[in-house]
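Subject: A structure to look through

Dear colleague,

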Amino acid sequence: MSTTHKRFNTRAGRAFDVLNVAMLTGVGLLAILPFLYVLAGSLATELEITTRPFFLWPNEFTTASYASILSSDVFVRAFATTVAVTFVGTLVQLGLTALMAYPLAKPDLPGRRTVLALVVFTMVFSAGMIPTFLVVKDLGLLDTYWALILPLAINPFSLIIIKNFFQQLPRELEESAKIDGANELQVLWHVILPLSKPVLATFALFYAVGIWNDYLSPLLYLSDTSKWTLQMILRQVTAAASLSADEMATDVPPPAQGIKFAVVIIATIPVLLAYPFLQKHFAKGMLIGSVKG
Amino acid sequence: MTTALAADREPPLARGPGRLRRLRRDAVRYRWLFLLMLPGLVYFALFRFWPMYGARIAFKNYIPFLGIDGSEWVGFAHFQAFLSNPDFPRLLVNTLVIAALSLLIAFPLTIVLALLLNELRLQILKRTVQTLVYIPHFLSWTVVVSITALLFAIDTGPLWTFFAGLFGTDANMLADPDWFRPLVLMQMVWKDTGWGTIIFLAALAGVDQEQYEAAIIDGAGRWQRVRHITIPSILPTITVLLILHTGQILNTGFEQIYLMSNSLNRTVADVFDTYVYFAGIEQGAYSYSTAVGLFKAIVGLVLIFGTNWLAKRFNQQGIF
């Protein structure tokens with residue numbers, strides 16, 4: 001293989017290889033440079049941010065921006081709230097999804113095809129923002145944290161991928177457990193779920209990132225500002241930069257630049273911490289099953 | 001357990017009205033499975049199908065106090081009002097322009113990036129670049145828009161400085177209608193180009209390596225191998241994604257556009273998704289905005305089935 005490769009490695013081919021390495025290195029850097037700049041800015045002084053156009057290493061390090069944010073009750077409360085909602089929400093969403101995926105993985109379940117067809121239908125057609133809002137309102141969920149969790153509880157794509165995963169597990173495992181007298185619930189809990197840990201962990205992280213990053217749900221369902229999540233606060237803090245003077249609230253001074261940088265970092269760090277675990281699994285082709293489901 | 005076993009032994013459809021007996025037997029045999037599925041079914045009924053039923057307010061003058069059934073039936077009046085609204089052409093153009101940017105620029109870039117990654121022989125670099133380019137996908141739109149605001153902050157932002165020098169302008173790019181689409185495109189490309197390559201790289205990983213070896217022996221050059229082996233092998237993936245994309249043409253994604261729009265760039269920033277929000281949530285025109293949303297959903301449904309049908313006619317795999 002290597003000799004044939006060498007024989008046909010033309011000069012143009014080698015030039016392309018060099019160019020390709022250079023281009024892709026550039027692309028990789030572009031993907032994280034904006035974030036690294038914000039990180040550097042969050043640790044820099046106000047003066048440095050406003051006078052140096054671009055830097056990845058502050059001349060003078062300071063944690064003043066972080067100290068200022070962490071001393072704000074509003075911010076600390078929003079952070080704690082978001083952590084709690086994400087944690088509970090992930091458990092609820094993953095639980096509902098796995099519980100529904102398991103019966104649907106049984107080829108002989110009556111009504112299975114109908115349910116799957118309905119699930120697929122919801123992927124191509126949705127009633128839209130307003131009717132969903134009215135349902136949440138009618139259920140009395142407005143201004144409750146459940147409004148951030150329940151309306152998005154089961155992602156149809158995730159449901160179908162988890163179902164497909166359950167379906168390809170060897171049936172013998174389940175049958176031998178049943179011969180030992182286990183009921184479906186016990187089979188699920190003691191046989192299926194332990195075998196599915198990596199898949200479930202991956203989707204738990206996807207759900208968690210989804211809740212953490214969600215802006216639309218709190219925007220729609222939480223009018224009580226004391227209940228706002230981190231993304232809402234982040235928006236509040238950084239929006240001032242994009243608005244012209246006439247749109248800025250005049251009674252509130254715009255937050256200092258450094259604070260904006262630091263808030264972005266704090267809102268991102270948890271996702272970045274989850275990323276290595278996510279990456280370990282998603283690349284293995286589990287998501288690929290979603291295209292033809 | 002004993003009842004389930006007894007039910008198993010029962011001869012199927014022995015006597016009586018078969019359907020009812022079978023139903024009763026299934027209900028017993030599958031009771032645990034039905035029980036496990038129940039919360040999920042309730043979820044779909046409540047949050048996915050009940051809104052579809054509630055969407056009939058699009059044909060009424062819904063007044064919350066009177067309830068949906070008590071509200072007056074107006075037929076297609078809201079749809080007509082929307083289609084003849086002077087805002088409609090502007091919304092349609094804005095929506096289609098953003099869809100075009102995504103389909104004609106961001107999507108091909110994804111394919112190009114996947115092909116370049118596939119050609120990379122340095123495996124360590126390939127893995128590193130992949131790790132890096134997937135990251136932005138996991139950042140929220142709030143974070144992406146906030147980072148944009150910092151990078152393009154007038155007078156101080158690094159990208160503001162760069163582009164201001166490049167084009168000799170001192171515009172506030174974040175509020176300038178001319179800059180709205182370029183900024184939105186940059187964000188789309190930055191956030192999801194890398195992530196989009198996963199599916200192509202997976203398709204490419206499945207390509208039989210012997211094909212390449214045979215091509216090399218036949219004297220095929222680098223580009224010929226890409227042209228005749230690599231690209232055809234991702235063509236089915238491209239078709240499927242095109243179908244899915246087409247169905248989403250009117251869905252610009254709410255969060256990005258909403259977060260990027262402000263009072264100064266609304267002429268180009270308003271799209272169907274944000275319009276539904278402003279009309280429905282902010283102004284309380286529930287029936288009208290539901291009609292707009294329904295119009296969008298139905299067009300999307302027609303588009304997705306239409307492209308699927310077309311793909312099959314041209315002997316490509318469809319998604320249904």
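The notes below go from the contact of the chains to the domains and then to one residue.

Please keep in mind that this is a predicted model, in which local features need pLDDT of at least 70 and side-chain atom pairs count only at pLDDT 80 or more, while totals for chains, interfaces and linings use all residues. Residues are numbered from 1 along each chain as its sequence is written, and chains are lettered from A and ligands numbered from 1 in the order in which they are written.

Between the two chains, 83 residues of chain A are in contact with 82 residues of chain B (two residues are in contact if their C-beta atoms, placed from the backbone, lie within 7 Å). Helix H2 of chain A, residues 11-42, gives the largest share of chain A's side, 15 residues (helices, H or I, of at least four residues, and strands, E, of at least two, are DSSP runs numbered from the N terminus). That side of chain A holds 55 nonpolar, 21 polar and 7 charged residues (Ala, Val, Leu, Ile, Met, Phe, Trp, Tyr, Cys and Pro count as nonpolar, Asp, Glu, Lys and Arg as charged, and the others, Gly among them, as polar).

The contact joins A:Met129, A:Ile130 and A:Phe133 of H7(A) to B:Val276, B:Tyr277, B:Gly280 and B:Ile281 of H15(B), and by class it has 6 nonpolar, 1 polar and no charged residues.

Within chain A, the domain assignment gives domain 1 (2-62) and domain 2 (65-290), with bounds that come from an automatic or database assignment. Here 8 residues of domain 1 are in contact with 8 residues of domain 2, and H2(A) gives the most to the domain 1 side, with 4 residues.

In chain B, B:Asn118 lies in helix H6 (residues 87-119). B:Asn118 counts as partly exposed because it has 18 C-beta neighbours inside 10 Å (20 or more would be buried, 12 or fewer exposed). Beyond its neighbours within four places in sequence, B:Asn118 is in contact with B:Leu201, B:Leu204 and B:Thr230.

Best wishes
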